[in-house]
Amino acid sequence: MVNDKADFSILAGKDLSFSNISGNRDDGLDDLMQRILHRSCKAVCHLATPCDPDIRTVVGNITSDLTADLEARLLMAAPFKGHAYNTRSKGRINKPRDTVPANEPLDAYARDILKWTSKQSSTHLGADSAAPLFESFMLFVAHHIKEHVRRHGNTEFLKSEDCRLILPINKGMKVERTDIDSADSDSSTDFYTPGYVDPTDFFSVECGMFPLNSSVGRQKAPAPHLVFADAEIVGHPDDYTEAELRLATKTKALFFNQHNRRFAWGLTVSGRTIHAYSFGPDDIWKSTTMDISGDKGRRAFISLLVDWSLCSIDRLGFDPSIRYVVDRCVGSPYLEIDVHKMDESTGKVESRTYYSQWCLGATDRLFGCHARYFAVSASPKSMDKPAFLIKDLWMTTGSGSADDAHESSVLNILHAEFDKSNEFSGSFVQLVSAGPVYINRGNTVVADSTDTAFAGLPSMTRDAAKGSDNAQGLSNSCVRQHRRTVIKWAGKAISEADNQSQVVVAVADAMVALNAVYAKCNILHGNISDRAILLQQTVDGIKGVLAEFDYASYVGERSGVDKVPELMLFRSIRSLDNPRAVCTLLDDCESFLYLVCWLGNFGINKADRAAYIAGLPKDHRLPIKNWNQGTASDIADTKRLHMTTESTFRTNIVSRMRENSPLRPLAFDMYRALFLHPGCYGVTLVTNDEFAEMEDGNIRDALHAVPVINGMRDPLVLRNNHIDAIIANLLDVLARHSDVALAALSAVGAEKGSEILALPSAVTSMKHHHMDEVPQAGPSKRLRS
């Protein structure tokens with residue numbers, strides 16, 4: 001069995017208040033929610049049902065006793081027999097009115113609940129009025145659960161330390177609806193600053209998870225805890241859609257802040273109706289309505305709260321193989337991260353534990369692979385000098401089992417080919433181990449996947465047509481498998497370089513390695529980004545190391561939707577237009593250009609980004625920002641516009657870089673090599689009418705062979721006829737710029753080996769920063785690493 005214990009009382013950090021990010025909204029989230037939100041799913045609440053049949057029996061008993069006690073107290077609290085308290089179970093109540101023992105806290109909660117459930121209340125309760133009544137319901141349930149476990153004590157299948165109380169944090173706080181006017185950011189993620197504020201009737205309640213010995217009441221924020229879920233309370237049904245958008249935005253913060261999140265729960269409350277939500281990597285499921293004005297609705301909500309309190313932590317959406325730990329000897333909180341390996345001969349799962357105080361990249365998206373990166377060591381005593389990097393993500397696969405597309409398989413191929421000589425020694429990250437994450441399911445151990453987590457629920461990824469487009473570039477593959485990869489520490493990411501000359505050298509080295517992989521192994525990278533190039537100090541100086549082979553594919557292989565990176569910022573124009581297109585090495589090279597442009601526009605490290613953004617006018621908007629907003633098709637159109645001519649590229653991209661930056665001439669020369677090669681005819685799509693009216697016979701003859709798709713001819717197809725020549729030219733361009741950059745580094749003594757190998761100053765540290773710090777508008781943790 002794998003370790004499935006986690007001590008939630010020792011979480012380091014401060015309150016996870018959602019209020020600081022209430023205005024941050026993903027662009028296109030409204031449209032995306034409409035397409036991936038599964039409504040009225042009866043099975044949603046069953047996700048929290050305990051797997052152990054004995055614990056399910058306990059949950060059923062507690063739910064029945066608790067429901068009967070509540071119904072009896074509601075009858076007692078009713079001021080007269082004809083009161084409009086709605087119950088259809090008067091003949092089935094186990095506790096008559098005269099046998100319910102007096103209990104002032106429970107009676108007080110029951111009076112509040114009666115106000116909520118009574119038909120004599122106004123049709124639409126205001127959010128301010130409904131919030132404390134909603135909290136009283138939670139406290140009533142928590143009080144019963146605590147008393148039940150106290151009376152019955154520990155049993156062989158239910159331990160008090162495995163139970164928890166779901167309690168409201170503070171009294172909630174009034175929140176405001178915000179119309180978002182996106183501002184420029186120095187990150188590749190979608191955090192925005194608020195525009196004007198239009199107050200509406202909303203109320204937000206944070207639901208926390210506390211040890212069973214906690215006092216039953218509204219908890220103050222500074223207490224150590226995990227924020228379990230957000231509850232959005234609205235005063236009018238017309239605001240329900242906005243409440244769901246607010247819930248999605250705040251759930252994004254949970255994924256960002258809590259590094260052991262597998263999936264997340266949420267609640268919305270409107271009047272007397274409650275809905276539960278489960279947020280997965282590609283889908284959101286919404287429960288059927290729990291109407292607490294009737295006894296069935298009350299019992300359903302009680303059952304959900306009891307399930308949350310007694311089920312295993314993986315059913316709550318947490319990963320039991322990542323644990324927060326406080327050790328007085330260490331002095332600071334840290335993470336224990338288990339890496340699993342299945343012994344095929346015995347069928348048993350073996351675990352090795354690594355230790356980390358550094359999260360180099362938190363998941364910064366509500367949907368997708370939820371990649372997280374940790375700098376780790378084999379001992380808690382050496383966490384300040386990490387020897388390994390762990391990458392934790394939910395990777396799309398065709399069947400839910402490991403296949404050749406995974407990074408581990410690709411790295412094994414590369415090392416088998418290149419370790420024979422020293423020519424490309426150190427050009428690629430070195431694999432230590434990789435495989436699925438395993439979790440306990442009753443008496444068995446299973447590989448963690450979306451099928452494991454969301455069994456019985458409808459799935460966008462399973463039902464959608466292959467190759468369909470969507471606002472976030474989400475995969476429509478069959479399933480996502482939870483995987484963990486360990487590689488040797490190779491240095492910090494290119495987005496934490498000390499200066500721009502280091503960026504030039506690293507890009508040139510990575511491009512040489514990429515071409516070697518293409519030439520020797522017939523493999524394309526498929527996911528060039530700011531994480532795919534690392535800076536390493538060697539005896540000869542700075543070196544660029546190629547990483548992130550999760551989306552690699554063989555030349556000529558249709559990548560398919562399950563091989564398309566979710567981050568669309570650096571993807572080539574053709575892969576954005578058609579995710580199922582057969583990619584070439586030029587698509588990877590195009591991604592190199594976009595990476596150089598992005599770093600040149602927004603800065604190469606945290607300090608550089610902050611200084612540059614601070615110097616921009618408040619209403620200034622960089623055109624390159626549009627490379628990360630909208631649908632894949634929108635981004636492709638924007639890139640085509642910016643790459644149309646030298647003039648448009650200079651105006652929109654190059655002129656926005658710092659003067660005297662070595663990235664300016666590099667970007668311009670790369671653009672010429674990729675888009676202005678003789679025999680290629682630009683990037684602008686040609687309609688049938690434009691093709692018919694063409695006077696240049698050479699261009700017309702060339703485009704005649706280009707297939708017509710949706711009435712358009714894409715001239716980028718012609719570029720594939722000149723791959724070898726374009727690559728040779730591009731490598732020459734990068735070599736020349738690299739020589740100049742190396743000379744500059746040598747002249748100023750800028751090759752700082754100790755800084756390159758050290759952890760970047762801006763990563764999330766459990767030593768110096770709270771690991772559950774709420775992200776602000778601006779730099780994301782992902783680009784800081």
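Helices (H or I, at least four residues) and strands (E, at least two) are DSSP runs, numbered from the N terminus. The structure is a predicted model, in which local features need pLDDT of at least 70 and side-chain atom pairs count only at pLDDT 80 or more, while totals for chains, interfaces and linings use all residues. Residues are numbered from 1 along each chain as its sequence is written, and side-chain values use heavy atoms, with hydrogens and water left out.

The protein contains 21 helices and 26 strands. Of its 785 residues, 59% count as buried, a term that stands for under 20% relative accessible area, with exposed meaning over 50% and partly exposed the range in between (1.4 Å probe, protein chains only). A contact is a pair with heavy atoms within 4.5 Å. Among the contacts in the protein with a separation of 6 or more, 75% join residues 24 or more positions apart.

Leaving aside neighbours within four places in sequence, leucine 70 is in contact with Ile113, Phe137, Phe140, Arg298 and Ile302. From leucine 70 to leucine 114 there are 44 residues in sequence, and the C-alpha to C-alpha distance is 9.9 Å.

Two of the partners of leucine 70, Phe137 and Ile302, also take part in the meeting of helices H4 and H6. Two packed helices are described by the angle between their axes and the distance between the axes. The axes of H4 (residues 127–152) and H6 (residues 295–310) come within 10 Å and cross at roughly 55°; such axes are lines fitted to C-alpha atoms, for helices over the stretch in contact, and angles run from 0 to 180 degrees between N-to-C directions. H4 and H6 are therefore oblique to each other, given that angles under 35 degrees count as roughly parallel, over 145 as roughly antiparallel, 65 to 115 as roughly perpendicular and the rest as oblique. On the H4 side, Phe134, Phe137, Met138, Val141 and Ile145 meet Arg298, Phe301, Ile302, Leu305, Val306, Ser309 and Leu310 of H6. By class, this contact of H4 with H6 has ten nonpolar, one polar and one charged residues (Ala, Val, Leu, Ile, Met, Phe, Trp, Tyr, Cys and Pro count as nonpolar, Asp, Glu, Lys and Arg as charged, and the others, Gly among them, as polar).

In helix H12 (residues 585–602), 18 of the 18 residues are buried. Just after H12, glycine 603 takes a positive phi of about 105°.

Threonine 363 lies in the loop between strand S11 (348–361) and strand S12 (372–377). With a relative accessible area of 3%, threonine 363 is buried. Not counting residues up to four places away in sequence, threonine 363 touches Phe255, Phe256, His370, Ala371 and Arg372. Histidine 370 is found in the loop between S11 and S12 as well, and histidine 370 is buried at 2% relative accessibility. Its phi is near 50°, a positive value in a residue other than glycine.
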